[in-house]
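Reader: Hi! I have a structure open and would like to talk it through with you. Can we look at it together?

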Amino acid sequence: MLCTLVILGAVLLLLVALFVKYMSAHHQVFKKLGIDHPQPRWIVGNFDLAMKHGMFEVQKVFYNKYKEKKVYGWFDARRPVIVVKDLDMVKDILIKNFNHFVDHYSFLDFEPPFHDNLLSLRGDHWKRVRSIISPTFSSGRIKRMASHVEKNAKILLENLQHLQETGEDVELREISSCFTLDVIASTGFGLDINTLKDPKNEFAVEANKVMNGNRIVFFVVWFLPALSGILAKLGFHMLPKKSMEYLAQVIDQIIEERKHDDKKNKVNDFIDLVMNAETEAGQASGKDLTRSEIHSQAIIFLFAGFDTIATALSFTLFHLAMHPECCEKVQAEVDAKCGKDIPDYDKVQTLTYLDMCINESIRLTPPGIFISRQCVEDIQIQGVHFPKDMAVIIPTYAIQTDPEIFPEPEKFDPERFSPENKVNRHPMAFLPFGQGPRNCIGMRLALLELKIALATILQNLTPVPCSKTVYPAKLSKIQTRAMDGLWVKFQNRKIAN
Ligand code: HEM
């Protein structure tokens, strides 16, 4: 018995030692590369620091600690990452030497129907899908999608007008999320839903389940990606299987209905636009999308376009509520350019001050707080060696709040984005949508959504602080959210004037 216990104990010790060795296997890599870095812990790498400071603050802490350095090292659990601070080097990575950094850094391999999503595709597969999808996001196509956005902005306004009439305080994040989901359902899945009035509609429920995912499985897989296959076989998925299947089914159903519908190609949503890219001949030649690729892109638009736009919309409205002088300026511009007409695609292109306010908001709280790349081939840039497979991170938030680039960085000052101020800055100093061939494909659609929603609201209502307002907003440690919410109330402009 004692002997068995001793053997079991020894095996256990050996397993623990092997695990610790595995988790610390790369700890010497930055020493070899001559790159400074915070000391990693045995198993968690630098995760403890991220937890201690929060995901926003931790970027600033080490960006400032290594102030004089072009790069510093970081351990994302066991994975070493080079954090690039120098803006010329950022340009080299995102644009000049893009072919060496073509992939996003990703530790996750998703299962179908999300397997082929643009954000995580690699190398030639990414190039092929991106080149097929890109025309879908051209100005002309986006213009055709604008009617969906206008319709949902009107619904958002009606809901806010109702809340104004009843005198209720409004949490901007929640209401922005509903609007964003309605736009995605409409532009991405061909569905008309009104999540504010009917939060329990099937699409909203399943989409929310997908977006929340299974956080425990996500955390385990982030920590040890090697476990993802085993967990999936045991029935533990990062993204709930049934909800994913529901989304794929919705897409299939719409595609099949439209194939037999005379009105096909007139809805001007994403499915309409990619349906033409699904011919058998096209697939054989590699020029068209497979059905699995269509599923994955529709679902990535849900992921990529939901949280990001909800963040940008809610924070911009919040800042305008806290800065009445800026809000009045936007309203004067909207009145001058749109009058009482619906702020449509063409009109919102002329709203330059609104554009400056949106930029200033996503500078302060970028919906994507960093940009990632993976080095696909060894390269030396400005004296720093980037080995093949090395993950690279560009700390957007820290760069955009660096006082040497943006003086008094915590101040909301849209004038930073006036044409004359913009030209004096480094082109890589403001990266909310990334840069280069792998930048955000949805940028034009995102800005259109934001401008139409904001102009429609501000044409009729004025956001002002309320008793629940906490300003400045304190950011959550783990997500792009305000810890106490973004509370305001709305005043009717017609009455106020
Ligand atoms: C305010 C809103 C948004 C922000 C701030 C944002 C930001 C970003 C950023 C920072 C990236 C990475 C860029 C890079 O690596 O250089 C990205 C990629 C991406 N975004 Fe957005 N995004 C927004 C809205 C959207 C929308 C509405 C869609 C789609 C409908 C979208 C689809 C994508 C996709 C598919 C990628 C991956 C592109 C690729 O890997 O080729 N995004 N976005």
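Predicted model: local features only at pLDDT ≥ 70, side-chain atom pairs only at ≥ 80, totals over all residues.

Reader: Good to know. How many helices and strands does the protein have?

Author: There are 22 helices and nine strands in the protein. Its radius of gyration is 24 Å, close to the 23 Å that the globule rule gives for 497 residues, so the protein is as compact as a globular protein of that length.

Reader: And what box do the C-alpha atoms fill?

Author: Roughly 85 × 60 × 50 Å, taken along the principal axes. As for burial, 54% of the 497 residues count as buried.

Reader: Let's go to the ligand. Which residues come nearest?

Author: The shell around the ligand has 25 residues, and the nearest of them are His104, Trp126, Arg130, Arg373 and Cys440.

Reader: How do the shell residues divide into nonpolar, polar and charged?

Author: The shell around the ligand holds 15 nonpolar residues, seven polar ones and three charged ones.

Reader: Which elements supply at least two residues of that shell?

Author: Those are α6 (123–133), α15 (291–322), β4 (371–374) and α21 (443–460). The largest share comes from α15, with five residues.

Reader: You mentioned β4. What is the strand order in the open sheet with β4?

Author: The order is β1-β2-β7-β4, four strands with mixed pairing. At the edges stand β1 (71–76) and β4, each with a single partner strand, so one side of each has no neighbour in the sheet. On average, neighbouring strands here are turned by 30° against each other, direction ignored.

Reader: How is β4 joined to β7?

Author: By four bridges, with the two strands running antiparallel; β7 covers residues 391–394. Within that pairing, Ser372 has Ile393 of β7 as its bridge partner.

Reader: And what about β2 and β7, parallel or antiparallel?

Author: Parallel, over three bridges. Val81 is the residue opposite Ala391 in β7.

Reader: Are the faces of β7 covered or uncovered?

Author: Both are covered. Ala391 and Ile393 on one side are buried, and so are Val392 and Ile394 on the other.

Reader: How does β1 pair with β2?

Author: They pair in the antiparallel sense over six bridges, with β2 spanning residues 79–84. Gly73, for one, stands opposite Ile82 in β2. The two strands form a hairpin with two residues between them, and Ala77 in the turn has a positive phi of about 55°.

Reader: Changing topic: which residues are on the covered face of β9, and which on the uncovered one?

Author: In β9 (residues 487–492), Val488, Phe490 and Asn492 make up the covered face, while Trp487, Lys489 and Gln491 are on the uncovered one.

Reader: Which strands are joined to β9?

Author: One of them is β3 (residues 170–171), which runs antiparallel to β9 and is joined to it by two bridges. There, Val170 stands opposite Val488. Strand β8 (residues 461–464) also pairs with β9 in the antiparallel sense, over four bridges, and Pro463 has Phe490 as its bridge partner.

Reader: Last one. Is Phe179 buried or exposed?

Author: Phe179 is buried, with a relative accessible area of 1%. You will find Phe179 in helix α8 (residues 172–189).

Reader: And how many Å separate the C-alpha atoms of Phe179 and Ile394?

Author: They are separated by 30 Å, and the two residues are 215 residues apart along the chain.

How values were computed
Residues numbered from 1 in each chain as written. Heavy atoms only, no water. Near = heavy atom within 4 Å. Nonpolar A, V, L, I, M, F, W, Y, C, P; charged D, E, K, R; others polar. Pairing = 2+ DSSP bridges. Axes fitted to C-alpha atoms, helices over the stretch in contact; angles between N-to-C directions. Rg over C-alpha atoms; globule rule 2.2 N^0.38 Å. Buried < 20%, exposed > 50% of the residue type's maximum accessible area, 1.4 Å probe, protein only.
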